[in-house]
Amino acid sequence: MSAANKAKGSRFESEVCDALQSRGVRAKRLPRTGAKDIGDAAFPLTNGGSVVLEIKNRKSINLSGYIEEALVESANYENKYPAEYPAFGAAVVKRRQKNVLDSYVVMPLDEFIELLKKAGAV
């Protein structure tokens, strides 16, 4: 990955966290941890647990790859921070030529249902 692409990705990660924080979500950027990466950002849920975000700003979109990465990294997050169990993985994907708030948030339906249960919506 080129330095310019890495900077573009880091900038988008900051924009996503800033957008979430501006709406009252306690999102925080996560440090890069190498082989056992724990995601790009995370925020706690009121009823316990966390949402772990894999944030992507790429020219071509690979949803299945992003979701796999998000699920692996949310499991790594749970292992590193067991008090924040469960950790739900989701990918935030930049839409070309759009504002950060127009980005896609993608997760498997089963993961979404479990998130809704934990949040008290089901």
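Tutor: Begin with burial, where a residue is buried under 20% relative accessible area, exposed over 50% and partly exposed in between (1.4 Å probe, protein chains only). Of the 122 residues of the protein, 39% count as buried. This is a predicted model, in which local features need pLDDT of at least 70, side-chain atom pairs count only at pLDDT 80 or more, and totals for chains, interfaces and linings use all residues. Residues are numbered from 1 along each chain as its sequence is written, and side-chain values use heavy atoms, with hydrogens and water left out.

Student: What pattern does the protein follow along the sequence?

Tutor: Helices (H or I, at least four residues) and strands (E, at least two) are DSSP runs, numbered from the N terminus. Here the order is α-β-β-β-α-β-β-α, with three helices and five strands.

Student: How many residues does helix α2 have, and which of them are buried?

Tutor: An α-helix has 3.6 residues a turn, so residues three or four places apart point the same way. Helix α2 (residues 63-80) has 18 residues. Its buried residues are Tyr-66, Ile-67, Ala-70, Glu-73, Ser-74, Asn-76 and Tyr-77.

Student: What covers the buried residues of α2?

Tutor: Look for contacts, meaning heavy atoms within 4.5 Å. The cover includes the strands β1 (28-29), β2 (41-44), β3 (50-56), β4 (87-93) and β5 (104-106), along with helix α3 (109-118).

Student: Among contacts between residues at least 6 apart in sequence, what share joins residues at least 24 apart?

Tutor: In this protein that share is 51%.

Key:
Expected span 1.5 Å × (residues − 1).
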